Amino acid sequence: MSLTRTIETQTIDSYMKTKSLLLALGATLLTGAATQAATPAVLVVTGGNASKAVLYDRTTNALLSSVTITANVNTDIRTFVGTPNPTGPLASSGLGPVTIHFVLNGAALGLQDLKAGNPVTTATGASLPPNFAVSGTLPDTIGIDPSVFTSQQTFVIPFGYVKNNNLANTLHGVTNLTQRQAVNLQDYSGLATTSLFGGESTTDTLYVIGRDPGAAVRRIIDANIYYSGSPTFYTTNAQGQPIVNPLGGHNAGNKVVADLKVIPNAIGTLGSADFNNAGFQILAYEGFLPTVYNVANGFYPIWGYEGWYTLLASPPGANQQTILNALYSTVTDTTYQHTAANVFSNAGFVPLGDLHVSRAADGGPITPL
């Protein structure tokens, strides 16, 4: 074989070996990238359930694609599993399958569990420590030192009083509560008649259906009406009759709604996301209804800032923080918060940018911005 032919053969052999090495290296890199992209990312959210409709909507319609849902016995404990939405804020995150556990058992309990690192039971039955807590009440209001947290505000949640006009009752004349009536309502639930609050009967007992001490609804209302007593809230027994709630109140708004649908002559305390059930009438407080305009301009006072809290001493990991930042960006997006008839709008939440007032404490003075 000529020298030229030998050199050509060696060159071809070298090229083929180099090509094989490059192909093998490329396959290795692709395999590594796929493995990295498939690394599971898990976020555990605890806290209040007043904004659950928005949290679930943003998770399934903005953050993730191909979502599967594992629901527990109630709608406050849910697990969402999916892949990053290709047009959403996680698209370039490099994360693989994303799991978000929501364990929304109450604002106070959520902050307490986050601070203590207490594991919460997810919809899948796992026991996991929360990465952050959602709360419609400030930590100070429930006796927790706020300095242990970092926090971000998302929007404002109005709370208030509701009655059900679909049931036969004698509450037709009750359309407004003064501060004194609101206090009496909680003290005399199950003892007073509807006429004491503007109703039509001197014999029909008026019942109040409220939340437990761990709920932002309870804390915000009590702070705004200057109430520090122990209210008597009602629920139903196995026969559907009104009885004193043995737990001191419900741990979810949907349970208040369920009782309002079956107990005549009852008034319930709810967050704005639960106001718009068929037949429900919202009561004014001191002459004002909890509309977005009335809250934003300081006329209606029963509201709280929703905050997202993480623990300074044990912050979320890198993957958790990436998911948290993405979820926060979708919830606080200006366009989303100002789209008529979407989940946010229907819930009656108030964008922070629309507020013309502020307050430093739950139930504290409302001052102009």
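**Buried charge pairs and helix packing in the predicted model**

At 12% relative accessibility, aspartate 57 counts as buried. The structure is a predicted model, and aspartate 57 takes part in a salt bridge with arginine 58, the closest N and O atoms being 3.0 Å apart. Arginine 58 likewise counts as buried, its relative accessibility being 12%. Both residues are listed among the buried members of helix α2.

Helix α2 spans residues 52-63, and nine of its 12 residues are buried, so the helix is largely enclosed by the rest of the structure. The buried set consists of Lys52, Val54, Leu55, Tyr56, Asp57, Arg58, Thr59, Ala62 and Leu63.

Three salt bridges are present in the structure. Side chains of opposite charge can pair when their charged atoms come close. Aspartate 76 has a relative accessible area of 2% and is buried. Lysine 52 also counts as buried, at 15% relative accessibility, a value under the 20% limit.

The remaining salt bridge joins the side chains of aspartate 222 and arginine 218, at 3.5 Å from N to O. These two residues are four apart in helix α5, and about one helical turn therefore separates them. Aspartate 222 counts as buried at 13% relative accessibility, and arginine 218 counts as buried at 12%.

Helix α5 (216-225) is also one of the elements against which the buried residues of helix α4 pack. In α4 (179-187), the residues Ala182, Val183, Leu185 and Gln186 are buried. Viewed down the axis of α4, these residues fall within an arc of 155°, so they line one face of the helix. Besides α5, the packing partners of this buried set are the strands β8 (149-164), β9 (176-177), β10, β13 (266-271) and β15 (284-285).

The loop between α4 and β10 (207-209) contains leucine 191. In contrast to the buried residues of α4, leucine 191 is exposed, with a relative accessible area of 68%. Together with Tyr188 and Leu196, Leu191 makes a nonpolar surface patch of about 340 Å².

For the chain as a whole, the accessible surface comes to about 16,400 Å², and carbon and sulfur atoms account for 57% of this area. Of the 369 residues, 47% count as buried. The secondary structure comprises 10 helices and 19 strands. Among contacts between residues at least 6 apart in sequence, 68% join residues at least 24 apart.

Definitions and conventions: Residues numbered from 1 in each chain as written. Predicted model: local features only at pLDDT ≥ 70, side-chain atom pairs only at ≥ 80, totals over all residues. Heavy atoms only, no water. Buried < 20%, exposed > 50% of the residue type's maximum accessible area, 1.4 Å probe, protein only. Contact = heavy atoms within 4.5 Å. Areas by Shrake-Rupley, 256 points an atom, 1.4 Å probe, with all protein chains shown as cover. Patch = residues over 30% accessible without salt bridge, like charges linked within 9 Å, V, L, I, M, F, W, Y side chains within 5 Å. Salt bridge = Lys/Arg side-chain N within 4 Å of Asp/Glu carboxyl O. Arc of directions from axis to C-beta.
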